[in-house]
Amino acid sequence: MTAVQADMAADFIAGLNGGVAGVLVGHPFDTVKIRLQTQDPLKPRYNGVFHCFSLIARQETPSGLYKGMATPIVTVGCLTSLLFGTQAFCLRRLDQIKLSSHFLSGAFAGSVFPLLACPIELSKIKVQLQGIGQLRSAVTNLPYSGSIDAFFKILRTEGILGIYRGFGLTMIRDVPGFTVYFGTFELMCRTFRWHSPEEKVGFPYLWLAGGIAGLASWGLMYPCDVMKTRFQRLGAEQRLACPTYSSLVRKSYAEEGIQAFYRGYNVALLRAFPACAAIMTTVALSKHALGGTI
């Protein structure tokens with residue numbers, strides 16, 4: 001194996017490790033975010049972030065916060081492996097000294113990421129939104145037994161277009177989102193080592209840089225994520241009323257105002273810092289352990 005191939009393998013393996021760390025830290029927050037984004041604004045089940053957390057834990061047991069997590073442990077690991085592998089692939093072909101190269105490589109990774117992210121997130125959302133308010137042991141006849149089951153059932157009944165529902169919104173979210181994510185992370189790392197550019201960034205600063213990058217990315221692109229989630233959860237009859245992205249945006253704004261685009265915003269930011277900090281720190285330390293540099 002050549003040095004270039006070894007570096008590429010390290011990028012993908014480090015991304016896989018980072019994805020697993022991100023899921024373990026962030027999945028309960030993600031479940032709450034999805035519930036808040038998709039609840040009926042006229043008859044809301046949850047009054048806020050902490051009410052949602054407590055109600056899920058009380059009615060569905062704490063395991064309810066981890067619905068649909070088993071598959072994301074694998075799939076999100078693969079997604080982040082693809083994300084960091086493609087970002088590093090692009091970055092090696094640019095001038096890494098320039099900060100703009102990190103923004104550009106993030107944009108490239110963000111354009112590839114939705115190819116896998118869209119169907120995986122669609123399947124996860126379907127599982128997270130079933131059996132709301134019910135104990136797992138008391139729930140019967142659920143549409144899907146898990147994310148993999150949801151994926152194949154949707155693929156079988158709706159075809160490739162069904163499983164890629166919301167692909168355009170995923171792309172709109174991820175290209176600018178990961179541009180900001182990777183660019184901000186590099187900017188913060190350079191800021192933390194401004195006094196000695198050749199030094200490695202220590203663990204606390206890696207964690208802080210990753211968390212700040214996550215806040216910047218999610219804070220900017222969150223409204224698009226809300227619309228993507230809502231579009232992906234629509235049933236067949238609901239899609240007749242909102243067949244396009246623009247129709248869903250107009251309907252959401254007409255019924256809820258600007259608040260429609262920020263449902264669950266607080267929990268998304270609560271999740272963004274620790275989850276993204278865990279991902280970026282794990283990726284950096286994994287690459288270092290595999291022979292790379294932080």
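1. Let me start with the cavity. Helix H1 (3-38) gives the most to the lining of the largest cavity, contributing eight residues. Helices H3, H5 (114-128), H7, H8 and H11 also supply at least two lining residues each. Please keep in mind that this is a predicted model.

2. How many cavities of 30 Å³ or more does the rule give? The count comes to one, and the space in the largest cavity is about 650 Å³. Its lining is made up of 35 residues, and those nearest the centre are Phe-113, Glu-121, Phe-178, Trp-218 and Arg-271. By class, 18 of the lining residues are nonpolar, eight are polar and nine are charged.

3. A word on confidence, in case you plan to look at particular helices. The chain has an average pLDDT of 88, and 93% of its residues reach at least 70. Confidence is highest in helix H4 (residues 99-112), with a mean of 97, and lowest in helix H9 (residues 236-241), with a mean of 80.

4. Next, the packing. The largest nonpolar core has 37 residues, and the members that touch the most others are Leu-83, Phe-84, Tyr-181, Phe-182 and Phe-185. At least two residues of this core come from each of helix H3 (70-91), helix H7 (167-192), helix H8 (203-233) and helix H11 (265-289). H8 provides the largest share, ten residues.

5. Leaving aside residues up to four places away in sequence, Phe-84 touches Asp-11, Gly-15, Phe-182, Ile-279, Met-280 and Val-283. Another core lies apart from the largest one and holds ten residues, including Phe-53, Leu-55, Ile-56 and Val-267.

6. Is Ala-268 buried or exposed? Ala-268, which is found in helix H11, counts as buried because its relative accessibility is 2%, where buried means under 20%. Beyond residues up to four places away in sequence, Ala-268 touches Lys-33 and Tyr-222. Ala-268 and Lys-124 are separated by 144 residues in sequence and by 16 Å in space, C-alpha to C-alpha.

7. Ser-252 sits in helix H10 (residues 245-256). With a relative accessibility of 3%, Ser-252 also falls under the 20% limit, so this residue counts as buried. Its contacts, not counting residues up to four places away in sequence, are Met-227, Arg-230, Gly-257 and Ala-260. Between Ser-252 and Ile-163 there are 23 Å in space, C-alpha to C-alpha, and the two are 89 residues apart in sequence.

8. Arg-156 and Leu-82 lie 26 Å apart, C-alpha to C-alpha, and 74 residues apart in sequence.

9. Finally, which residue other than glycine has a positive phi near 70°? That is Thr-61, in the loop between helix H2 (49-60) and H3.

Terms used:
Residues numbered from 1 in each chain as written. Predicted model: local features only at pLDDT ≥ 70, side-chain atom pairs only at ≥ 80, totals over all residues. Heavy atoms only, no water. Core = buried A, V, L, I, M, F, W, Y, C linked by side-chain atoms within 4.5 Å. Buried < 20%, exposed > 50% of the residue type's maximum accessible area, 1.4 Å probe, protein only. Helix = DSSP H or I, 4+ residues; strand = E, 2+ residues; numbered from the N terminus. Contact = heavy atoms within 4.5 Å. 1 Å grid on protein atoms, 1.4 Å probe; cavity = no way out; pocket = protein on both sides within 12 Å on 5 of 7 lines; lining within 4 Å. Points joined across faces, edges and corners; volume = space filled by probe spheres on them. Nonpolar A, V, L, I, M, F, W, Y, C, P; charged D, E, K, R; others polar. pLDDT = per-residue confidence, 0-100.
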